[in-house]
Amino acid sequence: MSAVNSKQRQFDALVRSLSGDLFRYAYWLCGDEALAHDLVQETFLRAWRALGDLRETNAAKAWLITILRREHARLYERKAPQFSDVSEIDIPDERDTVQPESAGEDAVIRAAIHRLDPKYREPLLMQVLGGFSCEEIARELNISAAAVMTQLFRARQKLKVMLGDGNKEANVYELS
Amino acid sequence: MNCLEFRRQLGVDPLSSGADFVGHRQECARCAEAAARAVEFEAALRRALNVAPSTQLAESILLAQATQQQRGRRIWIRRGGLLALAAMLVLAVGVGMRVEASPLSAQAVEHLRGEPEALTLSQPVPAESVREAFAKRGIALRHDVSGEVVFVGCCPMGRHPTVHMVMPGNTGPVTVIYVVDDRAKQSEDFQRDGWRGRSVPLGNGTLILLARDSGQFDRIEAEWRTALQG
């Protein structure tokens, strides 16, 4: 098996197994389906060029998410936003206007996630979708692990409040 | 771990498997209840985050990568080609050789001679196979052709990569060859070795139709124009 074939096979396997996860991450990062698609494609094209840098297959997802985050940041540098930041997107309150196609708990939670401040949303995405540990998130975001823990705690707390599940316990057990 | 520490950890990572965390949950009924609620919330959160990508996402990424690679290879070939051309010119001058390129129409007829069995097939191939053949050549079809295709293959035609197909018709089968990397300057009908043909510049390449009778060329050309250009 030639090195070229081996590289292509490894790349195909990565695309087939991880493009869905990357798309979900990109979607919640940018809030736009088409843009998320482009981001994932650009991420994999960059990954193809740098595939030699990937030492362990187990680390592939984290590696790709790192590329994707950089690509997302680069996109904002290149095109001073022609698209809105997710925090600026006017998302209708689906709790008040539940349509047949969006009815259900998922749609309500999604609307709440969109409303979450990016500084809370991103660590949460990294943990839940990316499978990163607090220490890994801290390295990626260049903040302390304690700050990550606080943001994760508050992200869940805020979501619960937005979802009307006030969770008084959360306030009682607020991180110091 | 006490209750306060447990609840903090619960908010940070409800699915934590740390020994202290698990131990406290087993000992404290109130915290176990809180943990059950948190796990339920976590499951709902994961469900909500689970947005589905387009079913074509992986294919489109692989296609983009193949196209990019092909472009890179072309640049390399072009650079190499310049050196080769220089060498050929020196050689041509030296031995008085004349280099004459064979036109695509002649190469298509020649290619047809090499694969006569393609014209005897009658079982339709799925539209997906046609899309895949084009995808292998780095081309995403915008639409499927409405007419039947009974043969599809990724054939080299001389130095040109092509997609070779056969479409049946009332007046006999029509061979359709899409030459991926060479765009004719203009459409033209031709006759060669008993075959009627048409070559049409489409996209970055050339669509060549060959048949004993040209009656179906307009319809088939229109179908491929739509399939390739939308």
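This is a predicted model: local features need pLDDT of at least 70, side-chain atom pairs count only at pLDDT 80 or more; totals for chains, interfaces and linings use all residues.
## Chain B in outline

Chain B contains seven helices and six strands, and, read from the N terminus on, its elements follow the order α-α-α-α-α-α-β-β-β-β-β-β-α. Of the 230 residues in chain B, 29% are buried. Among the contacts in chain B with a separation of 6 or more, 54% are made by residues 24 or more positions apart.

## The sheet of chain B

The six strands form an open sheet in chain B, in the order β1-β2-β3-β6-β5-β4, and their pairing is antiparallel. Because β1 (151-157) and β4 (188-192) of chain B each have a single partner strand, they stand at the edges, and one side of each is left without a neighbour in the sheet. On average, neighbouring strands of this sheet are turned by 25° against each other, if direction is ignored.

Strand β6 (residues 205-211) of chain B is mostly covered, since seven of its seven residues are buried.

Strand β6(B) has partners on two sides of the strand order, β3 and β5. Five bridges join it to strand β3 (residues 174-179) of chain B, in an antiparallel arrangement, and in this pair V176(B) has L209(B) as its bridge partner. Seven bridges join β6(B) to strand β5 (residues 195-202) of chain B, again antiparallel, and here the bridge partner of S199(B) is I208(B). The strands β5(B) and β6(B) form a hairpin with two residues between them, and G203(B) in the turn has a positive phi of about 60°.

## Two packed helices in chain A

In chain A, helix α5 (residues 118-128) and helix α6 (residues 134-141) pack at an angle of about 135°, with their axes 10 Å apart. This angle makes α5(A) oblique to α6(A), and the crossing of the two helices is right-handed. In this contact P123(A), M126(A) and Q127(A) of α5(A) meet I137(A), E140(A) and L141(A) of α6(A); by class, these residues are four nonpolar, one polar and one charged.

## Where the chains meet

Across the contact between the chains, 33 residues of chain A touch 26 residues of chain B. On the side of chain A that touches chain B, the elements giving two or more residues are α1 (3-30), α2 (33-49), α4 (105-115), α7 (145-162) and α8 (168-172) of chain A. The largest share, ten residues, comes from α1(A). Sorted by class, this side of chain A has 19 nonpolar, five polar and nine charged residues.

Terms used. Residues are numbered from 1 along each chain as its sequence is written. Chains are lettered from A and ligands numbered from 1 in the order in which they are written. Two residues are in contact if their C-beta atoms, placed from the backbone, lie within 7 Å. Helices (H or I, at least four residues) and strands (E, at least two) are DSSP runs, numbered from the N terminus. Ala, Val, Leu, Ile, Met, Phe, Trp, Tyr, Cys and Pro count as nonpolar, Asp, Glu, Lys and Arg as charged, and the others, Gly among them, as polar. Axes are lines fitted to C-alpha atoms, for helices over the stretch in contact, and angles run from 0 to 180 degrees between N-to-C directions. Angles under 35 degrees count as roughly parallel, over 145 as roughly antiparallel, 65 to 115 as roughly perpendicular and the rest as oblique. A crossing is left-handed if the near helix is turned anticlockwise from the far one by less than a right angle, and right-handed if clockwise. A residue is buried if 20 or more other C-beta atoms lie within 10 Å of its own, exposed if 12 or fewer, and partly exposed in between; C-beta atoms are placed from the backbone. Two strands pair if DSSP finds at least two bridges between them.
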